[in-house]
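Hi everyone, thanks for coming. Let's take a look at a protein together and walk through how some of its strands pair up.

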Amino acid sequence: MDVDFDSSGGAGDAGRAVPRMGVVLVNWNRWADTIEALESLLRSSVPLRVIVVDNASADGSMERIEAWAAGQVPAAAAASAMAGYSTPPLPKPLRCRRIAADAIAGAVLGPDDSLVLVDSGGNLGFAGGNNVGLRLLLGDPAIDWFWLLNNDTVVAADTAEALQRQMAAVPRIGICGAVVRYYWQPDRLQALNGHRFNLWTGAAQGIHQGALASAPFDPAQVVAQTGFVLGASLAVSRAFLERVGLMEERYFLYFEEVDWAFRNKALGDAAFVTGFADKAVVFHKEGGSIGSGGGPGARSLLSEYWLARSRLAFVRRHRPLLLPWHWLFTLALIGRRLGRGQPDKARILLRALLGKPMQ
């Protein structure tokens with residue numbers, strides 16, 4: 001899709017800037033993170049449509065976010081060193097539309113809907129929640145690019161513009177990532193663009209993970225090493241969504257972005273290009289909602305279960321000949337957990353292996 005980029009976003013009938021990028025954030029019991037993310041995102045240098053999809057939070061998240069938009073709940077940076085990205089607070093009140101679960105199917109975004117809160121109606125997982133937002137945004141023909149952004153992030157004011165510029169500059173671009181730094185160690189990288197991926201183990205390694213953010217890198221080499229773009233900041237084009245499709249919801253957690261990359265690769269010569277917006281910077285708290293941060297020993301039971309179950313589902317779908325190997329590999333992981341004195345994790349891995357629910 002060849003488009004000209006205009007940082008003003010174009011103009012509507014009344015001279016209003018028209019967003020060409022839509023953003024989806026999925027919230028689940030982390031309203032404070034989401035508010036901090038919105039405070040940074042809504043001061044972007046280009047206009048955006050922002051959809052917050054709530055996956056049936058039990059902590060009053062949507063009411064808290066609405067109260068923040070009305071100026072009744074202040075935003076607070078989780079780390080004082082990062083406060084510059086979300087303070088001073090945006091002028092309030094902010095126009096904020098809320099869409100109930102039973103109204104999603106017939107909902108149409110209006111010209112003033114720059115911030116929309118959506119009750120998903122259930123815990124749909126990462127893919128399901130993002131797909132709710134993507135379907136809404138696809139109904140707006142002005143949106144060319146769709147940015148999936150974790151709610152436990154903050155962004156620089158020029159990040160969205162840098163992302164748009166890169167996507168507009170690369171012919172047949174499908175997926176594009178950013179420079180993702182650790183929120184708690186902002187001088188260190190979580191990943192440049194995304195991860196290398198090992199089919200034999202299902203393990204992924206962030207490109208330049210742990211390196212100093214100031215260290216030089218070659219953007220072209222980063223793209224060449226990218227097995228898949230990191231889901232914490234993942235942008236796709238309209239043409240990509242129309243040809244490859246939405247995220248696969250059967251994974252619930254993990255492997256959604258790997259699945260997207262493999263479905264695109266399966267198009268062969270018609271596959272879309274993977275890009276890298278090396279001037280777009282995102283700071284990620286990493287794994288706060290589900291306990292996925294740190295090494296294997298630090299993973300929560302939820303994270304342990306879905307990593308194994310989604311890995312097996314991915315292999316079954318894309319590389320079925322490797323499924324016997326991954327069964328043996330999972331059995332080895334169970335033995336390792338038992339050896340570490342972690343019977344609960346061994347049990348949860350066995351349930352994942354057998355395709356049984358967590359409980």
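A word on terms: helices (H or I, at least four residues) and strands (E, at least two) are DSSP runs, numbered from the N terminus. Two strands pair if DSSP finds at least two bridges between them.

This is a predicted model, where local features need pLDDT of at least 70 and side-chain atom pairs count only at pLDDT 80 or more, while totals for chains, interfaces and linings use all residues. Residues are numbered from 1 along each chain as its sequence is written, and side-chain values use heavy atoms, leaving out hydrogens and water.

Back to the sheet: strand 9 (residues 194-197) pairs with strand 11 in the antiparallel sense, over two bridges. Which residue of strand 11 is the bridge partner of His195? That is Phe228.

Now please find strand 13 (residues 273-284), which runs antiparallel to strand 6 (residues 153-155) and is joined to strand 6 by three bridges. There, Thr153 stands opposite His284. Strand 7 (residues 173-182) runs parallel to strand 13, with nine bridges joining the two. Val180 has Val282 of strand 13 as its bridge partner.

Finally, confidence: pLDDT is the predictor's confidence in each residue, from 0 to 100. The protein's mean is 92, and 92% of its residues reach 70 or more. Over residues 10-15, though, the pLDDT is below 50. Where pLDDT is low, the predicted coordinates should not be read in detail.

Notes: Contact = heavy atoms within 4.5 Å.
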